[in-house]
Amino acid sequence: MDSAISDARTPARTPLGASADNGLKIVIVGGFGVGKTTLVRSVSEIRPLNTEETMTRAGEAVDDTSEVRGKTATTVAFDFGRISLDARNVLYLFGAPGQERFWFLWDRLFSGTLGAVVLVDTRRIDESWYAIDRLEHHGTPFIVACNDFGGPPHPPEAVREALDLDPRVPLLFCDARSRESGKQVLITLVEHLQACYAAQPRQEFV
């Protein structure tokens, strides 16, 4: 759910350990109002950088807010956060803007990306197709995480069919407001990336 997290719950800046030498870039993508900013905020160990701007009446004709009526701000560039996996490995998190008019930024954000999370609102599942299409175009490994907005649950098989997901792409359900739930999403992505790279044929050097 894309709801605001108070400053009291936002972690203070945590110094990066001197032994950390492996930075892994992760992008969180999805439609408008699916909870990307909330997910970055909930898991980041530093105070996240965000580019949210207040939504105005001028944008009502552009952005469909019928399913996110409580949303008052929107990302116009990207969100940025950081979480340490261990003493040497750090994930750098980039949350992409969801509105179609900002999609031109996505290809640039995907540059150098190790993997991605596609965050989905099952009430508006068709808004996730573009993100999946672009990631497949770039050959970027990804997982799909369905954010909990309440309402009746959707069987995983139905979500897979609606998104035409490859059976090898992990699918899980999460609550973007929860740090533990968000961490599980990232753990699932890292495990998927390890499996993807382990499956690649090894080059033989003469």
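User: Among contacts in the protein chain between residues at least 6 apart in sequence, what percentage join residues at least 24 apart?

Analyst: In this predicted model, the share is 75% of those contacts. The chain itself holds five helices and eight strands, which run β-α-β-β-β-β-α-β-α-β-α-β-α from the N terminus on.

User: What makes helix α1 a mostly covered helix?

Analyst: A residue is buried when its relative accessible area is under 20%. In α1 (residues 36–43), eight of the eight residues are buried. Among them are Lys-36 and Arg-41 as well as Leu-39 and Val-43. For the protein chain of 206 residues, the buried share is 46%.

User: Why is α1 called roughly perpendicular to α5?

Analyst: The two axes cross at roughly 100° and come within 8 Å. Angles of 65 to 115 degrees count as roughly perpendicular, so α1 is roughly perpendicular to α5.

User: Why is the pair of Phe-80 and Tyr-92 called stacked?

Analyst: Rings pair if their centres lie within 6.5 Å, and planes under 30 degrees apart count as stacked. The ring centres of Phe-80 and Tyr-92 are 6.1 Å apart and the planes stand at 10°, so the pair is stacked. Phe-80 belongs to strand β4 (residues 79–84) and Tyr-92 to strand β5 (residues 89–95), 12 residues apart. The count of aromatic pairs comes to two, and ring pairs link Phe-80, Tyr-92 and Phe-94 into a cluster.

User: How do you know whether Tyr-92 is buried or partly exposed?

Analyst: The relative accessible area of Tyr-92 is 24%. Buried requires under 20% and exposed over 50%, so Tyr-92 is partly exposed.

User: Which residues touch the most other members of the largest nonpolar core?

Analyst: Of its 24 residues, these are Val-29, Val-118, Phe-142, Val-144 and Leu-163. Elements that each supply at least two residues of this core include β1 (22–30), β6 (115–120) and β7 (142–147), together with α3 (129–138). A second, separate core of 22 residues includes Ile-28, Leu-39, Val-43 and Val-117.

User: What is Val-29 in contact with, leaving aside its neighbours within four places in sequence?

Analyst: The partners of Val-29 include Lys-36, Ala-96, Trp-106, Phe-110, Val-118 and Leu-135.

How values were computed:
Residues numbered from 1 in each chain as written. Predicted model: local features only at pLDDT ≥ 70, side-chain atom pairs only at ≥ 80, totals over all residues. Heavy atoms only, no water. Buried < 20%, exposed > 50% of the residue type's maximum accessible area, 1.4 Å probe, protein only. Helix = DSSP H or I, 4+ residues; strand = E, 2+ residues; numbered from the N terminus. Core = buried A, V, L, I, M, F, W, Y, C linked by side-chain atoms within 4.5 Å. Contact = heavy atoms within 4.5 Å. Axes fitted to C-alpha atoms, helices over the stretch in contact; angles between N-to-C directions. Parallel < 35°, antiparallel > 145°, perpendicular 65-115°, else oblique. Phe/Tyr/Trp six-rings, centres within 6.5 Å; stacked < 30°, edge-to-face > 60°.
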